[in-house]
Structures are given as C-alpha cells and as structure tokens.
Amino acid sequence: MKLRLTSVLFILCFYIVSPYAQEMIPDEVMVIYATKNKPLKKTLREIADKTGVNIAFQDEILPIDSLVSIAVRNKPLGLVIDALIRKTGAKYKIVGNQLVIVKDEFSKAKDEITVSGYVKDEDTKERLISANVFLYDKSGGTVTNEYGFYSLTLPKGVQRVYFSYLGYKLRIKELKLTKDTTINVDLSSSAVLNEVLIVESKIVKARELPATIESVPLDQLQSFVSLGGEPDVIRLVHQLPGVSTGTDGFGGMSIRGGSIDQNLVLLDGVQIYNPNHALGVFSVFNSNVIKSAQLYKSGFPARYGSRLSSVMDIWTRDGNKQSFGGDITVGLLSAKATIEGPIVKGKSSFLISARRTFWDQWLKLGSERIYDLRDGIGNLGYFFFDFNAKVNFQLSEKSSIYFSFYNGKDDFENMSIFRSIEGDPIFEDFTDRRWDWGNGMGVIRLSQQLGKRSYLKAAAFRTNYDFETYEFKRVEEIQDSLPINKTFEAGLYSSKIADQGVSIDFDFLPNPKNTLKFGGKYTHHSYTPGIRVEREIGNLIEENPEFGIEVMRDRLNAPEVTGSEIQFYIENNYKPNEHNTLNFGIHQAIINTNNQSFFLPQPRLSYLFHKKGFSLKTSVSFLSQYLHLITNSGLGLPIDVWLPSTDIIKPQRGWIASFGIEKDTEKGYHFGAEAYYKNMTNVLSFAEGNLLNITDDDTSWQERIPVGIGWAYGLESFFNKTAGNANWNMNYTLGWSYREFEAINNGEPFRHRFDRRHNFKFAYLHKINENAEFTLNFQYASGNPITLPTGVHEVPLENGNTTDLLIYKEKNNKVLPDYHRLDVGFNFYSKYKWGRQKFSLGIFNIYSQLNPSFIEVRKISSNPSKFLFESISLLPVLPSLSYSISF
C-alpha cells in the first residue's frame, strides 16, 4: 500500500507541472457498464480498465464488505463513481488525468455556503450576461444577471464548479467551501470576431428555464448571408420559429400571430418604439456593439410588462477596460466603425460606434433608370444612420455606474410620374412621398451588490420616437392634350412619443431552491398622434392647391395626450429538485389617463420538467399594454400611427398559453415542438379606405376608431444541430391569426395582416477550416393577406364632374403570392499581429424571386371604371459584400 501511495504522490506532482493537466477532464469519459452484487473495489477496478482512466484509492477508505449493483449506458464517469461511493463517506478528486478517491471530511456537514461573484471576459474585463455557473452533476446551478453577477448556495465542503459561456472556454474551479466566499472568474474567448469557432460538443447549460426563450446565436450573426453585407440581429430573429414578417422584413415583425406594436424591444433595459430601418428591412441595432440578445415568446417572467406578444431584450457591450481597440466595416450599403478602450485601466471604459448608408446617389441614379424602364419619370432617395455611445465606471468592487446613449434616423423621398399611353382620355399620376422617422434613447444605470445573495439595479431613462409620413397625389385627366379634370389628395401621418421615468429592481436568493426578483417602474408618457387627409376635385383648378408639407403641418394641429404608467412586480423561480422548475409571479400595472385609472393585474405561471436531455414546458401569461398602433393592410406603403390609452381608448389586454417538448442529444442535435394559443382584446385598426383625421380640432376621433378582438394559435417545430463543422437551424410553423371588429368587414372575422399559414426556414453553416466557412439560408412562407378594392363607384360632384370612390367589401380579401428566397455566401478570416480581418461574399435572393413588397393601383385608360394592381418588389437578386478589420 505504501507503493500505491507513493505512486499517487508521484503522479500528482507530475500533473501539477504538466501544461496539459488543465485540459484533461477524466470524469467526463462516458461509461457503459453493468454488474450485480459485486464488491465495490473490484467494480471500480473494472470500470477503470474499461474507460482507461486510472482510479486510485487506499483500501482503508472504502468498506471491505460493500457490494454494489449498477447498470449504466453512456453516463459520465464522475456520476457513476458518485453513485457507487455516495454512502461510504468518500468522494473523488481529479488529479491530472486520473481520479483519486479520498475521505470526505465534510460528508456529515449540513451547513450551506454561498459562493458569489462576477464572470468576466479575460481580455476586456467586460461582464458576461447569462453565463452558466453550475455543479458537475447539475444538482445546483444559476446564470449571471445582466451585470455578470451570480450567487450560488452549495453544501459545505469541496465542490467542483463549472463556468461556461457560448464562444468561451469552459472553466472549472475546485473550491473548498467552509464559509461564504467571493469567486470572480475570467473566461477566455475560444473565438473572436474574425475567427471560425468549431463547437465540438453541445454548449453546457446550467439549467433550462420555463419561459419560451430564444437566445439569439450572436456567434452566428457575423456568419450568415446578410443584405448588402450588413449583419443584423433582427434579421437573425426572423429565422426563428413563430416569427412572421412582411416581405423581406418589410412592414415589421409579428410574433405568434400578434401585431407589430405588441413586441417590447429593449436596448440596455430601455424601450425602443421602432426597431427598424428601411421600414423593416434593417434594424436599428449595430451588430458590432451587441453583447447579448434574447427573445421571449411566452411564459413571460413577471418582471416584463407593457406588451402582449413578445420581449426582445438586447444589451450592448461595455467597452474594453484593458486596452484600446476598434473595428471598421464597409459593405455595399453601409459603413460602420467602432472604437473602445479604458478610461482608467481596469476600472472604467468607453465605447463609441457609428453607422451610415452611403448609397444615396447610387439609389437616385438607379431609381431614375428603373422608372424610365417602367415608362415613367421619377427618383428615390434614402439614407439612415445610427450612433451608439456607452461609458461605465466601477465605483467599487460591488458597484458600477453606466451611461448609454443611442440616436438613429431614416430619411426617404420618392417622386414619380406615370402617364397612360392608350385611350382617350389619358391619365397622368403624380406622386410625392416623404417618410422621416427616428429613435433616441438615454439611460443612467446603477448596479450595486448588496450582499452575497442580493443585488440592486436602478435606472433613470428617457426615450423618444418621431415618425412622419407625407404623401401627395395628383391625378390629371387629359383629353385632346388639354386637362379636363384634376384630383388632388394629400395626407400627413404623424406620431411623436416621449417617455421618461425611473426603475428599481432587486434580485434575492434566500436559498438554493428559490430566486426572487421584485421591483417597480414609473413612466411618464407623452404622445402626439396626428392624421390629416385632404382632397380637392375640379376641372377649373389652374394651380396646385396648398397641399405642401409645411401647409399640412400647420393644418394638422395634432393633439397631445399625456399619461403615466406605474408597474411593479414580484416573481419567484422555484426549483425543488434538479428536474423540476416553477416560475410564478404577478405584474401589476396602473395606467393613469386624464380622468381615469386602469388597474391591470397580470399573473404569470410557467413550469419545466427536465431530465436526461428531455424537457417539457407549459405556461400561461396574462398581459396588458398601454399603447396602440393603427396601421393599414392594403395598397401602398405602411401607414403607422401610435396612440396611447385614454379615457375612451382602453389598454390592450390578452393572455397566451403554451405547451411544448424538447430533446437534446449528446451529439449536439436539438429538436422539439410547441403549441400556443393567444387571445387579445381592445385591439385597434383602420377601416380600409376610410382614414379618419386625428387632430386637436375634432376631439371625437377617439370614438370613431374601430375597436375589436383578436386570437391566434399554432404549432412550432424545430430540428437544429449545434456541434461539429456542419451546423443548421431548421423550423416550421403552422399558424392562424384572426381579428374581429364590429365596424369592419360587416362584423365578420378576417385574417390578420401577418397570417402566413405555413412558414419554413432553413439556415446552414459549414466550417470549411479555421479560416473559411460556407453559409446557406432558405425561406418559404405562404402569402400574407392584404386588402384590395373590389370595385369603383362614380360619385357625382356639384360642378357636374364625377370622381371615383374605391369600394372595399372585405378586409384582407386577397392573399399575396407565396414568399421564398435562397441566399448563399462565404466568409474568409485572417489573423495578423496588428489585428484581424474578414471578407464576406454572397448572393442575396440568388434566383431573383420577385416577392411583392406592396401593391400600387393605376387607372386603365381604356376602362376608367377599373384599376390595374401592380406588385412592387424591392429586393431582387443582390450581391452581399463586406470587408472588416478589427484591431
């Protein structure tokens, strides 16, 4: 026995100095073994022979007469040994690449110890959100909060704690816990922006959560083919099950049959009202500054409120606290640059990033040529920009303060003239369109660790959104080269929103089975919605009437509506054992308008069963929201006007229930399905063809807005592979979504604008080698419904002329053609002493499918009582090209 002990000490010394010792994890070797009533020591030797892992022990540590029976298949060696020696007062330790069984001095201890601290990036010292912290056998675990803080209560004694995060190397620490301990851990990245990451095995998850959460795979954000070489987090979200959009994202995003206003989008904890550029083709989020992104589709935790359908929670990076760096990216459509670095090394940092399109003049010249090919005259101009800035200061080891700022703007102009070339009379259509919109956000946040098990988060914020659409149309009837009739129509649609408020949140972990979150928020809302539509008809008009944009602004006289919203919540994540998790809580909203208050309790309940890679989830959530969005679903581009809740317009309310199953395999396959049902009340809409004026001159506009109900249901399924050189995400959604209004469609239900019955998506990523990868993306979806006029009625005028009135018999009475698109691309990476570079080359919509984005209506000269509907496709086959360097 002295010889065996000497050998153990020799091996221990060898592996302490071996550079490979930290890379060996012998207790994760998989075991296939069965025995019955066999001596424990003999069983351990046989397992050692089968696995090739040396298992060392002293005879006196293990009982002489202990007989064991066990049968395992593909189980980790560590779990097998734990099961065999659990009642012997012993435990194993990893020594190099072998396991040593020793006496457990804490085997009879009943005390519990709290381990807490922060998980950070080793190079930049940025704190990591939702990093996994867990025991080897998964009997205990947690995830870091949005400030990288974790707290885990464990039995007293020696514990092996794992720290993992997607794209980072696994870190294992063996801790001898005798008192409450602070452990800060740095994780080293296994891939950077311009390197290919090959995942050899599935990412370790400390625990599953009952909510239906889609963690957006940011490691794939820079890989998949992007429109014009511009990676976009929202377009990546479009690839997820249950997400439906207009053509190529045009017009916004619907989650599980909801409306686009029912999605809560948060940037560093602050609401962004419109997360889109180019009417949904791009998002406002610069991919170079995003640290994490999660999408909640059901089973909403009580801390989230204000929306009925989804929560998109995005957090930006803090900036490198150790050294200066940055990146520059140039694509076909835009350019962006980021710079970051320490203010005080290791204590504070800054991050500044800007992005702008640069194709304004190209678009103008190209659009002139396109209009010429369509026998018309016109041009189109468009640009957008974003600016992000962030500064943070570490006040102490337990407290930090953060300043975040965002500003973005879109500017769109379009002029066109079309003249019919057949018949007498002929018609000339002149159109002038202008769209301007933008978001702004600023927030100051304080994070404070109060103790080993508690954490405080406080914020003061301001966010604003401005939207303005102006459209002027002139239709001129010409006979014998002379105008005989003119019709002028102008519309100004405006939404101005300004919010400011404060919030405070607490995390408290009273014991290993419960995680409490509670807090409150106060928001003051100011809305200025406006719609002004004017029309003038007559054959004696010599000059254009005063319908210019400045005149329309003066006439609009939009009303200002203010209100306040108080929210508070409490939720508990209860985990009685390693297989079951229950999340329950309540979110209470109090909405105050001028003369009325709404009390809106919203209980939440979700349950998860998880064992051996199999998960069963079910949930029910009651929700409400303060604001409304009325939008058209017929001809032309979207018209969106945001409205608050008032004394007359009640808040939207709803509930959603879901049930799903999932399965993870050891080889990285992940598949499952989830069914859902959603119910909505107090939903608003336009009555197609009958836009009402919203001005301060007429206070009855609130009473004339149609109010109705909605419901949606469906089934989502997915099959993903996340390990090895070849990965894919594949999903299919079968869904139904309906709305019903007493004042619309004769009171009959109709399909919602984003009701795409079938929706299939497939994304493939192949890592060719460490410097190159190939990507492919395919999407197919049923056409979405739109409202088209079913006829024309001539209305006589006082001057003896007539005008045409479009007749709408049904809402969403037509369905656009099915949508489908295929993208392919390659990414090439290089590393140098000064930094890294990436070159991306691809083709968007490779077979140039002309998916219609919207419909325009034109008169037919040969039959003035009828119209021609023309589909407009914005994104045919396009190259995707970008070059980036980081330093």
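View 1. Lys457 sits in strand β29 (residues 454-479) and Asp507 in strand β30 (residues 482-511), so the pair ties together parts 50 residues apart in sequence. Strands here are DSSP E runs of at least two residues, and helices are H or I runs of at least four, numbered from the N terminus. This is a predicted model, where local features need pLDDT of at least 70 and side-chain atom pairs pLDDT 80 or more, while totals for chains, interfaces and linings use all residues. Residues are numbered from 1 along each chain as its sequence is written, and side-chain values use heavy atoms, leaving out hydrogens and water.

**View 2. Glu126 meets Lys291.** This salt bridge has its closest N and O atoms 3.9 Å apart. Glu126 is in the loop between β6 (112-121) and β7, and Lys291 is in strand β21 (residues 290-298), so the link joins parts 165 residues apart in sequence. Glu126 counts as buried at 6% relative accessibility, and Lys291 is buried too, at 12%.

**View 3. Arg751 and Asp755.** Here's another salt bridge, with the closest N and O atoms 3.2 Å apart. Arg751 is partly exposed at 22% relative accessibility, whereas Asp755 is buried at 2%.

Notes. A salt bridge is a side-chain nitrogen of Lys or Arg within 4 Å of a carboxyl oxygen of Asp or Glu. Buried means under 20% relative accessible area, exposed over 50%, partly exposed in between (1.4 Å probe, protein chains only).
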